[in-house]
Amino acid sequence: MADSAGIASFLEGLGCVQVESESQADLIIINTCAIREKAEQKLYSYLGELVDFKKNLPYLKIGIIGCVASYRKQEMLKRFEYISFVSGARDERTTFLTYLADVIVQLQTEKQFFSATALVDDVATVVPLERDVKAAMSERNAIIPARLIKEGSQAAMGGTLAPVGEVKRSFINITTGCNNYCTFCIVPFTRGKETSYPLEDIVLRVTHEVAAGAKEITLIGQNVNSYTCPETGARFAALLEAVAQIPGEFWVRYVSPHPKDMTRDVLEAMARYPEKLCAWCHFPLQSGSSRILELMNRTYTKEEYLAQVALIRALVPGVSLSTDIIVGFPGETHEEYLETREVSAQVGFDMAYSFVYSRRKYTKAYSMGDTCSAEEKAGRLADLQEVLRAGSLVAAQRYVGKNLRVLVEKRGANGKLLARSSGNHRVVFDGDALLIGTFVEVHVVEAGQSELRGELISSPLMIFSEHGLAA
Ligand code: SF4
């Protein structure tokens, strides 16, 4: 989301306007995720759907960026002839944006030809740009203008996504890439080594986003709590403190920390600035079996994970926890799955993303022997999700009868306002659309697995902050 938002901001700076559907677009950029095979398959079927758009609009540009583009570039260029360009997540962002500026110029030229004469042949006479962005730029030995270097590095850090009628939320990359090499994960291969952005640049960026109306800032990295400022050596806790001290009414979230890197100073910072730093921690478990965690190269044991959870709950009052879990990792026995089930029940996550292991090329786990059938894995997932749902419901019930400060995000399809609490719980209630983008207080009257139902209250004196809840 940060990458998409950054590119959208850059294009807006060039005079482009976001439209609501593909049929209205002159340029479509598909940002891809390679973390699971299913996401990649969805990309291919979506590309199939776009053929007709291209047939009807010869000047339409379709580009693919992101993680799939990193390792399937040549294959995609060959397989999908109507794709205008491909740029992987490892390609330098300023280079890509310089190329993109050329695409916009070419697009305008072709569009003028097309609109003026309606002659498709004329469009074909415009010499197309090389489709492999990296190759195009090194071939041209392109000198990137200073303005674009500045805008490019800003755009690489992310930007704001603000669909009409919704709250403004900003996604800021604080690190990119990952050095951890979990054996199931393709990210180190698609995004490269971890690098951190300077603390001062991040603070400036957040200040700018808040001044532009953003109410929620999400700091993003593959492993946020290994953040190290390249200029000063400042760590993640110092960054959180600096961001929390920026004036204005806004919330800050971060995704994702690695359990091995969670430190006391980060949690203490969260506790010190409850008005700014959300009481929510996405804390990927992946497996509840220490043997499987070792095979995954997660570098923590079940016991260490549970100790970290206890520390988070002790230091950040009322914190809510979410997680990611994989079942059916190569070699996982039924007993080891049961350990995952047990840890999940023990922690009682507020929310969880759970998946059957997805085999990804290039990773170490790709060549590990798999003894578990697809049916068995599906059975484990269904069973685990039941445990996780039950845990979420119990966790949500602790809010019933309490008052929460929430950020109103949008009006839902059912006519209710949809808001989010500091703990990242969805809260629905009746109210005026003018409240979208504001912080209000609601009284929680009912808790379901996926959302809380509340009533708007008016007196700030009635606030029972989530930070005041016992963990
Ligand atoms: S920490 Fe592990 S799972 Fe997360 S991005 Fe890095 S390699 Fe992938």
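These legends describe close-up views of a predicted model.

**View 1. The residues around the ligand.**
Ten names make up this view: Cys178, Asn180, Tyr181, Cys182, Cys185, Val187, Pro188, Gln222, Asn223 and His258 surround the ligand. Sort this shell by class and you get 6 nonpolar and 4 polar residues. No charged residue is part of the shell.

**View 2. Ile172 and Ile174 in the largest nonpolar core.**
The largest nonpolar core holds 114 residues. Which of them touch the most other members? Ile172 and Ile174 do. Now follow Ile174 beyond its neighbours within four places in sequence. Its contacts there are Ser196, Tyr197, Ile202, Leu219, Ile220, Gly221, Val224, Tyr227 and Leu239.

Helix α3 covers residues 67-79, 13 residues in total. From first C-alpha to last, α3 reaches 17 Å. That is close to the 18 Å expected at 1.5 Å a residue. Where is the kink in α3 centred? Look at Lys73: the kink there is about 80°.

Cys67, Val68, Ala69, Ser70, Arg72 and Lys73 are buried in α3. What do the buried residues of α3 pack against? Their partners include three strands, β1 (27-32), β2 (61-66) and β3 (85-88). The helices α2 (37-56) and α8 (187-191) are partners too.

**View 3. A cis peptide bond at Ser256.**
Between Val255 and Ser256 the peptide bond is cis. Its omega is near -15°. Ser256 sits in a loop, with β9 (251-255) on one side and α11 (264-272) on the other.

**View 4. Tyr181, a positive phi in a loop.**
Tyr181 is not a glycine, yet its phi is positive, about 50°. Find Tyr181 in the loop between β6 (175-176) and α8. Is Tyr181 buried or exposed? Tyr181 counts as exposed because 12 other C-beta atoms lie within 10 Å. Tyr181 is also one of the residues that surround the ligand.

**View 5. Gln286, a positive phi in another setting.**
Gln286 has a positive phi of about 70° and is not a glycine either. The loop that holds Gln286 runs between β10 (280-282) and α12 (290-295).

How values were computed
Residues numbered from 1 in each chain as written. Predicted model: local features only at pLDDT ≥ 70, side-chain atom pairs only at ≥ 80, totals over all residues. Near = placed C-beta within 6 Å. Nonpolar A, V, L, I, M, F, W, Y, C, P; charged D, E, K, R; others polar. Core = buried A, V, L, I, M, F, W, Y, C linked by C-beta atoms within 7 Å. Buried ≥ 20, exposed ≤ 12 C-beta atoms within 10 Å, placed from the backbone. Contact = placed C-beta atoms within 7 Å. Helix = DSSP H or I, 4+ residues; strand = E, 2+ residues; numbered from the N terminus. Expected span 1.5 Å × (residues − 1). Bend = angle between axes of the 7 residues up to and from the residue.
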